[in-house]
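Here is a short briefing to read with the model open beside you. It begins with the whole chain and then visits a few individual residues.

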Amino acid sequence: MQLVTVDDIRAAAGRIRHQVVRTPLTPALWAPGLWLKPESLQAIGAFKVRGAFNAIGSLDPDTRARGVVAYSSGNHAQAVAYAAAQYGIPAHIVMPEETPAIKVAATRDHGAEVVLCGAGQREKVAAEVVERTGGVLIPPFDHPAIIAGQGTAGLEIAEDMPDVETVLIPVSGGGLASGIGTAIKALCPRAKVFGVEPELAADTAESLQQGHRADWPIEDRNRTIADGLRSQPSDLTFAHLQQVLDGIITVTEDEIRSAVRELALRAHLVAEPSGAVSLAAFRKSSTPLGRTVIVVSGGNIEPAMLRDILG
């Protein structure tokens, strides 16, 4: 299987440099040795714009003009809708019915047509929409251009902190960890890279332990508060994760909530549960991690949930 390389990531960085935010590394003064990579500061509130702009920008103009189709529980949906709007092309986005309302509304606000579907039906419905519209499918993680785009965050980490010792990255479908891990392993080979998952959706942890992809029912994965981490890796992303991850750290629902609260009160960052799991893993580690970067992958949280967590 052809894996994404650091050269692919460098090419993606050049392609999207005028369309995404180069997020800073922010020191956590209350937690010595910790730096935050706040991807929640992207225009749509999450890292997904990197892959979306790279994938859409890689299409030839005639193909791109047909429009795009995506399926997502939220952040990829917003990213594709936003990127499509910037390119002036139509977007049809398939979203599960249980997606937080704030993410559905934000996707529509970018001009996309949202198609709601039942749990576990996203890919099937998206294929039907592609057939009906003639649009190009932009998958959330199972594509080299998506992985390379997400990897540009890792390129920035390596440039800003060449002596980083540990990088903690949320894992769902695996595109972000695949891309960042590829960049870090190429440019900071001494650094350790760990994925982070909720215990209630720890399919990747089980998969890496067994050496092959483990299939968790969607009903099990939907139990976690971290709604952005309910997907499972594809063959492509799992092949990357096997190469670039030094391990997986799993965190509890209470630990995730505590991390959301800590980021709000100490870092002054609004993080959704999926974006806060890396801090939960940092807090949970029983061994010194050295100079550590955590990726705060997104900040699109329902206001009612944030009030509940902070209260």
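Among contacts in the chain between residues at least 6 apart in sequence, what percentage join residues at least 24 apart? The figure is 72%, where contact means heavy atoms within 4.5 Å. Please keep in mind that this is a predicted model, in which local features need pLDDT of at least 70 and side-chain atom pairs count only at pLDDT 80 or more, while totals for chains, interfaces and linings use all residues. Residues are numbered from 1 along each chain as its sequence is written, and side-chain values use heavy atoms, with hydrogens and water left out.

**The chain as a whole**

- You will find 14 helices and 10 strands in the chain; these are DSSP runs numbered from the N terminus, with helices being H or I of at least four residues and strands being E of at least two.
- Along its principal axes, the C-alpha trace spans about 55 × 45 × 40 Å.

**Surface and charge**

- Of the 311 residues, 60% count as buried. Buried means under 20% relative accessible area, exposed means over 50%, and partly exposed is in between, using a 1.4 Å probe and protein chains only.
- The accessible surface comes to about 12,400 Å², and 50% of that belongs to carbon and sulfur atoms. These areas come from the Shrake-Rupley method with a 1.4 Å probe, and for residues only the protein chains shown count as cover.
- There are 28 positive and 35 negative side chains, and the centres of the two sets lie 5 Å apart. Lys and Arg count as positive and Asp and Glu as negative, while His and the chain ends are not counted. Each charge is placed at NZ of Lys, CZ of Arg, CG of Asp or CD of Glu.

**Nonpolar cores**

- In soluble globular proteins, nonpolar side chains tend to be buried together. Here a nonpolar core is a set of buried Ala, Val, Leu, Ile, Met, Phe, Trp, Tyr and Cys residues joined through side-chain atoms within 4.5 Å.
- The largest nonpolar core has 32 residues, of which L34, L36, L168, L263, F282 and I294 touch the most other members.
- At least two residues of this core come from each of β2 (34–38), β8 (192–198), β9 (247–251), α12 (253–266), α13 (273–284), β10 (292–296) and α14 (303–310). Helix α13 gives the most, with six residues.
- F282 is in contact with A31, P32, L34, L168, L289, T292 and I294, leaving aside its neighbours within four places in sequence.
- Another core, of 30 residues, lies apart from the largest one, and F53, A81, I89 and I93 are among its members.

**Buried residues to look up**

- Y82 sits in helix α4 (residues 75–87) and counts as buried because its relative accessibility is 18%. Not counting residues up to four places away in sequence, Y82 touches A43, I44, V49, F53 and H110.
- S231 belongs to the loop between α10 (218–221) and α11 (235–244), and at 14% relative accessibility S231 counts as buried. Its C-alpha atom is separated by 5.0 Å from that of G173, 58 residues apart along the chain.
- A28 is placed in the loop between β1 (26–27) and β2, and its 3% relative accessibility counts as buried. The C-alpha atoms of A28 and R266 are separated by 8.2 Å, although the two are 238 residues apart along the chain. A28 also touches L34 and W35, not counting residues up to four places away in sequence.

**Exposed and partly exposed residues**

- H268 is found in the loop between α12 and α13 and counts as exposed, at 67% relative accessibility. H268 has a positive phi of about 60° although it is not a glycine.
- L310 lies in helix α14 and is partly exposed, with a relative accessible area of 37%. Leaving aside its neighbours within four places in sequence, L310 is in contact with R261 and A264.
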